[in-house]
Amino acid sequence: TTHINGQASYRVVTPAGNVVIAGDASNDETDPELRPYSTNDNVEKLAGNATILVHSAIHPIYQDSGFPARVYNRQSSAPDISRMAKRAEVKKLIITHLMPPLGADAPFIFP
């Protein structure tokens, strides 16, 4: 994806199962009006029938919080990742790098 120059996603295949690590993968289209979801189609293909998918996420609470849209729209949202994992028939989903962190009293405010 083009979220970060050099961003890569990996699929590790083992006899015990397959693990996909997506990192900061997102939809390459940053205009929310032109994309149906925030996740990346190539990552979805890579994650097909994976035992575990590890993916970074942003919480949708940031969408209208004052968080810079140019940054928000370069992330995959937690709900979109969940839907992608279901479509790809992933058995276990691990969300990482979640912003704001769980247990936060409020989202970080960006002027």
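Let's start with the largest pocket, which holds about 170 Å³ of space. Fifteen residues line this pocket, and Arg35, Ser38, Gln63, Tyr72 and Asp80 are the closest to its centre. What is a pocket here? On a 1 Å grid over the protein atoms alone, a pocket is an open set of points where a 1.4 Å probe fits, with protein on both sides within 12 Å along at least five of seven lines. Lining residues have an atom within 4 Å of a point. The volume is the space filled by probe spheres set on the points, which are joined across faces, edges and corners.

By class, the lining has seven nonpolar, six polar and two charged residues. Asp, Glu, Lys and Arg count as charged; Ala, Val, Leu, Ile, Met, Phe, Trp, Tyr, Cys and Pro count as nonpolar; the others, Gly among them, are polar.

A word on the source. This is a predicted model, where local features need pLDDT of at least 70, side-chain atom pairs count only at pLDDT 80 or more, and totals for chains, interfaces and linings use all residues. Residues are numbered from 1 along each chain as its sequence is written, and side-chain values use heavy atoms, with hydrogens and water left out.

Now the fold. The chain has three helices and four strands. From the N terminus, the order is β-β-α-β-α-α-β. These are DSSP runs, numbered from the N terminus: helices are H or I, at least four residues, and strands are E, at least two.

Next, the loop between β2 (17-23) and α1 (41-46), where Thr39 sits. Is Thr39 buried or exposed? Thr39 is buried, because its relative accessible area is 0%. Buried means under 20%, exposed over 50%, and partly exposed in between, with a 1.4 Å probe and protein chains only. Leaving out residues up to four places away in sequence, Thr39 touches Ser26, Asn27, Ser76, Asp80, Ile81, Met84 and Arg87. Touching means contact: heavy atoms within 4.5 Å.

Asn40 is in the loop between β2 and α1. Asn40 is buried too, at 5%.

Back to Arg87. Its charged end sits over the ring of Tyr37, 5.2 Å from the ring centre. The test is CZ of Arg, or NZ of Lys, within 6 Å of the ring centre and within 35 degrees of the ring normal.

Last, backbone angles. Most residues other than glycine have a negative phi. Asn49 has a positive phi of about 60°. Asn49 lies in the loop between α1 and β3 (52-58), and is partly exposed at 45%. Glu89 also has a positive phi, near 60°. Glu89 is in the loop between α3 (78-87) and β4 (92-99), and counts as exposed at 52%.
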